[in-house]
Structures are given as C-alpha cells and as structure tokens.
Amino acid sequence: MRMRFLLAVFAIVFAGVVHGEKCTARSGEKTAALVELYTSEGCNSCPPADRWLSTLGDKYRAQLVVPLALHVDYWDYIGWKDPYAKREFSQRQRRLSQLQRAAFVYTPQVLVQGADFREWADPLFDRTLARINAKPARARLELEILRATGEALNVRVNAAILDPAQGADAGLYVATYENRLESRVTAGENSGRLLRHDHVALEWQGPYGAGERQLRLPLLPKAKIGDSGVVAFVQNQRTAEVLQTLLLGTCPG
C-alpha cells in the first residue's frame, strides 16, 4: 500500500511525461534541475565530464534532471574545430560567469540551475539535486513536438510564470539536442581519440516571454530522429537562476 501511495505521489509531483497519442510533456509541481556542461572537443580534460553527463540520462529521470552539453568555440584555434561548437554557447557561458562575478571561463564547466558547480563528480551532486527537486516550481512548461523530420523539429511550447516576483526578469529558452554523437579527432589535444557525446545542444532560441508559441528548431545534417529531442527552461535574466526545466524526446511512430 505504501509503495502504491509513493508511486501515485511521484506521478502527481513529476508530471513531465508523454501523454496519449500526441508527443507532449508537462512539467510537474516540483523543480527539475538544469545541468549545463560547457565542453569542447579541443580540450583534453573534457572527455571525463562528457562521459559523466552521458550517465545522467540513465541514472535520473528527466523529471529530476535535464542535462545539456554546450560545446564552445574558443578552443578551436589550438588545432581541432569542434563540429558541435557554437559562438552563442561561448557567449552564454561568459554572460552567466559575469552575472556570478567570475573572472574567467573554463572547460569543462558544469552549471546547475545557472550556478557554477565544481563538485559534479562528487556525492554532493546528488544532495544538491535532491534539494532542487524538493522546491516548488516557479514556472510551468508544456512541450509538444508537432512534426519531426531529418532537418528540424516543429514544436509548440507554453510557459507560465508561477512566481509573480519573477515575472519581469523571466525568459524562456528552447533548444534541440541529439544523443549518441561521435567524432574521430585527428588534431589538437585529443588527436587520435574517438569521442562520444550525449545531450548535445544544437539549436538555441530565446529568451522569449511567457505564453504559447510555435517554433522550428533545426537539427544536425543527417540527424537521427530517435536520438533527438527538445528542452525548454525558464531562467531569471538578472540572477541566472533556473525556475523550471522540461525535456521531451521524439516519440516513436
């Protein structure tokens, strides 16, 4: 009886699941954690962090943690151009670092809910995650994949700000991602290595205001639809704090 009760509570609190025949997801009453890894294929200390991020999708439910790998371009000059790097990701890392008054950016860097988190390989990560997941969500998100092709995902996203104090500073971001990507590196610090990546952020749009909108989000050339999906999150533009996050993978069929 107690187990059935706990399962029922979990279903109510963490409601971000696929519903019916539509490919949709809704965020729950508690807060899901956004974990951003700033990484580069030109950085020889990044592969362990890449492997750690890959484990999050298997270890935790998406209703608890949403991982994203953002490949930066500022290491491309040392001999290897990262095929997944975007300048906008480097700019985002610098902007978030400035908000926290950090003197420099680095890789691999992990941000949890928009804040620098250097103990990502430590048991402290689980304790931090538990604290985040226990907090009531301050935003509500809905996602629907309307159409998925080899070129893009057409999505509907709806965001509502639940905390009135956050309304003026809250911004909605939406990103596509792909799993099971590989690169055979032939130059630079990782020359000769086969690198594997999951949760790689591809297209990044926002910030938008609250409300409903439809977006077309490009994928990589020759993207594997079954390994792709979309992430939405609401973030305070002044403090960088993430109010709620939601992930939706493409649905079969």
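Q: Is cysteine 43 buried or exposed?
A: Cysteine 43 is buried, with a relative accessible area of 5%. Buried stands for under 20% relative accessible area, exposed for over 50%, and partly exposed for what lies in between (1.4 Å probe, protein chains only). The model is a predicted one, where local features need pLDDT of at least 70, side-chain atom pairs count only at pLDDT 80 or more, and totals for chains, interfaces and linings use all residues. Residues are numbered from 1 along each chain as its sequence is written, and side-chain values use heavy atoms, with hydrogens and water left out.

Q: What about cysteine 46, buried or exposed?
A: Cysteine 46 is buried, at a relative accessible area of 0%.

Q: How many disulfides are there?
A: The count is one disulfide, the term being applied to a pair of cysteine sulfur atoms within 2.5 Å. Cysteine 23 is joined to cysteine 251, with an S to S distance of 2.0 Å. The link of cysteine 23 and cysteine 251 is right-handed, with 80° about the S-S bond.

Q: Where in the chain do those two cysteines sit?
A: They belong to distant parts of the chain, 228 residues apart: cysteine 23 is in the loop between α1 (2-13) and β1 (24-26), and cysteine 251 is in the segment after β14 (242-249). Helices (H or I, at least four residues) and strands (E, at least two) are DSSP runs, numbered from the N terminus.

Q: And the accessible area of cysteine 23 and cysteine 251, what is it?
A: Cysteine 23 has a relative accessible area of 9% and is buried, whereas cysteine 251 has 23% and is partly exposed.

Q: On to the rings: how many aromatic pairs does the structure hold?
A: It holds ten aromatic pairs. Rings of Phe, Tyr and Trp (its six-membered ring) pair if their centres lie within 6.5 Å; planes under 30 degrees apart count as stacked, over 60 as edge-to-face and the rest as tilted. One of the pairs is tyrosine 173 with tryptophan 204, which is tilted, at 6.1 Å centre to centre and 50° between the planes. Tyrosine 173 is in strand β8 (residues 170-178) and tryptophan 204 in strand β11 (residues 200-208), 31 residues apart. Both tyrosine 173 and tryptophan 204 are buried.

Q: Which residue lies over the face of tyrosine 173?
A: Arginine 92 does, at 5.3 Å from the ring centre. The criterion is NZ of Lys or CZ of Arg within 6 Å of the ring centre and within 35 degrees of the ring normal.
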